[in-house]
Structure formats: structure tokens, C-alpha cells
Amino acid sequence: MTQKQSTLTRTGIVALLACVCCILWGSAIPMIKTGYHFMQMDSADTASQIVFAGIRFTLAGLLVLAFTSIREKKMMFPDKEVLKYAIPVCLAQTVGQYFFFYIGVANTSGVKGGIITGLGNFIAILLSCLVFRNERMTVRKSAGCILGFAGVVVINIMGNSLDMGFKLTGEGFILIAQLSYGISTVLINIFSRKVSPVILSGTQFTMGGIVLTLIGTGMGGHLGNVTIGGVAIIFYLAMVSAVAYTLWSVLLAWNDVSKVAIFGFVNPLCSVILSALILGEVRQAFNMGSLIALFLVCVGIYVVNQKKSS
């Protein structure tokens, strides 16, 4: 193991980089909803939401490849080996996850979306254990998954300012997005050990972004009221993806899924806090129902990934 690889497996470094990723991701939901507002994009305008996502991820992928080329002082184009692994990751993560995620975010509150997003960590663990057989399922991991799903139930039945329903195109689509996220997490963990995780990330984002843009445009979508604020938000969201997912891919390349995912509790926490601050959803973020749900999700993620002391 090289010194760089050794550094990336240290718990302190993993914690720091993973928390940076989760803080960036936590800002995504409120910023997406703010972007919809700036561009006067109706929550029912699915096609335009997909175009919005496609442009964001195309830009993110190009930024990753550009930064890598500058760092390496040569043009970093993906070869056939990278493309072979980038296609399934692209279909699971950028296309599959965000097709449903962007529509779901438009049809639920930022707080509910942020908490449900925390389930992606459980799904990744379940897939790693039960489908890909990379890890062994234990009672501790099963208990953590149950706690997480209990959090989703609580957020839908408690709270004065939270509706008691479960909308397929809202909370349902965000759950589907998290299933795609779980699949992509395991794939990245496997493929990033075969090719550069940075090139893999940039390539799959560019490909997925183009596909989403074409799908949205074909459905009649457009950006609508393009403003400086809206463009700035798209650029910010592209930077969130470029930085966070690249760092996450690097961590997954040198660590087990569970070692990285233990720090995923920061993601729903940041989503709730930032949604409260940016979107004014203070009552939703700090009432008893959402706080209990957030607690269950965070404890569940910790329990799933906690290793038994020797």
C-alpha cells in the first residue's frame, strides 16, 4: 500500500472528507428548490426539472475532467476500460438516481426529502451484504436498517406541519432514487479499484448529464426564466457534484462501504438544518416528529456500520 493509499484509509481522514461530502450534499435539496424558484419552474414541470438536472451533471463531469487534466498537465480522456465501468455507474447513479430525485424533491418538502435521503446508506449496506456479497449481514446491521425505515414511517405520520400522506411522485420517487444510489455506491466501490475513481466520476457524470438533458428536452422541457441567480445555483450544484462525488469515489476505492457510510449520518442532518435555514422550513425541521425521525435515521446509520469492539 502506498503512502497516499494509507492516508486515505485513516479514520480521521475518512471522517473529514466524508463529512465535507455530506455537508455539500446536505445543501443540494434546498438549493435545488431555490433554483426552481429562481427559474419559475413549476413542481409539475417534470421535463424541465430533468433538463435542469442534466445540465448540472454535464457541467459537473466536464469540471472534474478539466480539473484532472490541469492537475496531470495532460488531457484526461476516458479510454475503453473506463467507459466499460462508467456506463453501469452512469445508469445507476446519474440517470437512475437523479431522474427520480429531481422530480421527488419538487413534490415534497426539503426536510422530508433530506431525511429520506439518509436511507441510501442502508440500501447500500443491504445490497453489499445480500446481493453483491461484499460484506456479511449481521443482527447489528439488520437492526440499524429497521431503525432507518422506522424514521421514514415517523416522518410521515407525526408533526403538526407535515402532511400524513405518502406521495409516489414525492417521497416515493426519492426512495427509488436512494435505491439507485445504493446500487451505484457498491458499483463504485468495486470499479474504482480497477480504474481511476476521479476519471470514472467525471466520465459517468458527463454521460449521464447528456442523457438526462436529452430525455428532458425530448419531453418538452426547458430552463424557462434564466436568471443570474438561477445560473449561479446550477454552477454551485455542479461544483457540489464534482467535489463531493469525486471525494466519495476516492474514499470508496480504498475503504469498505461500511467504513465510509458510517459518516453518512451527517447528510440528513445537514439537509434538515440547511432546509430550515434556506427554505424557512423551521417548523418542519424542529418539531417532534421530524426530530424523532432524524434521530432514528442517524442512529440506524451508526448501528449499521459500527464494528464490534475487540
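User: Which charged end sits over the ring of Tyr98?
Analyst: In this predicted model, the charged end of Arg56 sits over the Tyr98 ring, at 5.7 Å from the ring centre.

User: And what about ring pairs, how many does a search of the whole structure find?
Analyst: The search finds 11 aromatic pairs. In one of them, Tyr98 and Phe101 have ring centres 5.5 Å apart and planes at 80°, and because an angle over 60 degrees counts as edge-to-face, that is how this pair is classed.

User: Where do Tyr98 and Phe101 lie?
Analyst: Both are in helix 5, which covers residues 80-106, and they are 3 residues apart, or about one turn of the helix.

User: Buried or exposed, those two?
Analyst: Tyr98 and Phe101 are both buried.

User: OK, switching to Phe100: which residue does it form an aromatic pair with?
Analyst: Phe100 pairs with Phe173 in an edge-to-face arrangement, with 5.1 Å from centre to centre and 90° between the planes. Phe100 belongs to helix 5 whereas Phe173 belongs to helix 9 (residues 168-191), so this pair ties together parts that are 73 residues apart in sequence.

User: What is the relative accessible area of Phe100, and how does Phe173 count?
Analyst: Phe100 has a relative accessible area of 22% and is partly exposed, while Phe173, at 14% relative accessibility, counts as buried.

User: Back to Tyr98, then: which residues do ring pairs link into a cluster with it?
Analyst: Ring pairs link Tyr98 into a cluster with Trp25, Phe57, Phe101, Phe205, Tyr245 and Trp248.

Conventions:
Residues are numbered from 1 along each chain as its sequence is written. This is a predicted model: local features need pLDDT of at least 70, side-chain atom pairs count only at pLDDT 80 or more; totals for chains, interfaces and linings use all residues. Side-chain values use heavy atoms; hydrogens and water are left out. Rings of Phe, Tyr and Trp (its six-membered ring) pair if their centres lie within 6.5 Å; planes under 30 degrees apart count as stacked, over 60 as edge-to-face and the rest as tilted. Helices (H or I, at least four residues) and strands (E, at least two) are DSSP runs, numbered from the N terminus. Buried means under 20% relative accessible area, exposed over 50%, partly exposed in between (1.4 Å probe, protein chains only). A charge sits over a ring if NZ of Lys or CZ of Arg is within 6 Å of the ring centre and within 35 degrees of the ring normal.
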